[in-house]
Amino acid sequence: MEVGRLPISAALKGKLVSAGYTSLSLLSSLSPSHLARDLNISENEALDILKHAPLDGRIDTSSGHHVINGAQTAWDMLHEEELLTRITTSSVDIDNILGGGISCREVTEIGGVPGIGKTQLGIQLAVNVQLPVHCGGLGGKAIYIDTEGSFMVERVLQIAEACRDDMSANNALSQNVHAGQVGMQPKDFLENILYFRVCSYAEQIALINYLDKFMSEHKDVKIIIIDSITFHFRQDFEDMALRTRLLSGMALKLMKLAKKFCLAVVLLNQVTTKFAEGSFQLTLALGDSWSHACTNRIILYWNGNERYAYIDKSPSLRSASAPYAVTARGIRNNVSNCKRIKLM
C-alpha cells in the first residue's frame with residue numbers, strides 16, 4: 001500500500017513522501033519517536049500514522065507483533081525458478097552465462113562506463129521481449145523509462161528492422177512458424193515500447209509509484225527498463241539518509257512489480273570512483289548498500305578494444321564473463337574473439 005492512500009491529512013502525507021517514506025513497508029520498523037523526528041511532527045501525530053499501517057503494512061502496532069502472510073514452500077520456489085522465462089540479449093555468449101538471458105521475476109542491474117553499450121543493450125531488450133518465445137522473447141511489450149534523454153528512436157528502428165530480418169530468416173528455416181508473429185514489422189516493435197521521460201527524482205519516484213496501477217491495466221508488459229536508475233540521484237542531494245530511503249523504497253517497489261506481474265526489471269547504472277587500497281577505482285554508482293537492491297548485477301567493461309559482460313553478483317549464476325559487440329544490427333556476439341566465455 002502506498003502512503004498516499006492512508007486516511008491521514010494531506011499535510012502528513014506530504015511530509016511522509018518528502019522524507020522518503022513512500023511505502024508502508026518503510027514504516028514497519030519505526031518507533032513513533034523516530035518517525036516524529038524524521039517528519040518534524042509530534043509523537044501523537046506519528047502514532048496516528050503508524051496506527052493505520054496494518055491496512056497493508058503487515059504490522060500490528062497495538063501488540064507489537066508482525067503478521068506475516070503468504071508463506072511458500074521451498075519446493076514451490078524451486079518449481080517456480082525452473083519455469084522462469086528469459087529474454088535473449090541477442091548475444092549467445094551473454095545468454096549462456098545468464099542461463100538463457102535476462103530472467104523474469106527478478107531485478108537485474110547493468111552498469112558500466114559511458115560508451116560501453118548500456119543503452120544499446122536496454123533498447124535491444126525492449127525490442128527482444130516482443131519476439132515469440134521460440135525466438136527468445138516473451139511476445140510482450142516493454143516500458144522504457146528514460147531519465148537521461150539517451151533513448152534514440154532511430155536506433156530502436158534499426159534494431160527492430162534487424163529483428164524483423166532475423167525472424168524472417170529463422171521462420172524460413174524452421175517448420176515451427178507461429179501465425180501472427182511472422183508478419184511483425186518495425187512499426188509494430190516501436191508501437192509496443194511504452195516510453196516515459198522523467199526529468200527529476202520526484203518524477204521518477206511518482207512514476208514508479210504509479211506503475212502498479214499501470215501494470216494492472218497493461219498486463220502484456222513483460223519488461224521495465226530504467227535508463228538510468230542513477231542520474232537524478234547523483235545531484236542535488238545533500239541529505240544522504242533521505243537519498244538512501246528514497247532508493248530503498250524505489251528498489252522495493254520494483255522487486256514487488258517483478259514478482260507480482262512476472263516481468264523482468266532492468267536497471268541501467270553509471271559508474272563512479274571509489275578510493276580503496278590506496279588508489280581510486282571505478283565502481284557502480286549509488287554506493288555499496290545499493291548493490292543489495294538487485295537480484296543480479298552485470299558489469300560491462302572494456303578489455304582492450306573488446307567489450308565484455310561480467311556477472312558480478314547473482315544468487316543462482318556463477319561469476320563469468322563473455323565478450324559481446326555493439327553492431328549496426330544491435331547487440332551481437334564478438335565474432336573476432338575465439339575464447340568466448342571465461343568462468344571465474
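Strand β3 (residues 107-112) runs parallel to β7, the two being joined by five bridges; strands here are DSSP E runs of at least two residues, helices are H or I runs of at least four, and both are numbered from the N terminus. Strands count as paired if DSSP finds at least two bridges between them. In this pairing, V107 sits opposite V265 of β7. The model is predicted, so local features need pLDDT of at least 70 and side-chain atom pairs count only at pLDDT 80 or more, while totals for chains, interfaces and linings use all residues. Residues are numbered from 1 along each chain as its sequence is written, and side-chain values use heavy atoms, with hydrogens and water left out.

β7 has another parallel partner in β6 (residues 221-227), again through five bridges, with I225 facing V266. Six of the six residues of β7 (264-269) are buried, so the rest of the structure largely encloses this strand; buried means under 20% relative accessible area, exposed over 50%, and partly exposed in between (1.4 Å probe, protein chains only). In a regular strand, side chains alternate between the two faces of the sheet. For β7, A264, V266 and L268 cover one side and V265, L267 and N269 the other.

On to the aromatics: the whole structure holds six pairs (Phe, Tyr or Trp six-membered ring centres within 6.5 Å; stacked under 30 degrees between planes, edge-to-face over 60, tilted otherwise). Y144 and F151 are 4.7 Å apart at 55°, so they make a tilted pair. Y144 is buried at 0% relative accessibility, as is F151 at 18%. Together with Y195, they form one aromatic cluster.
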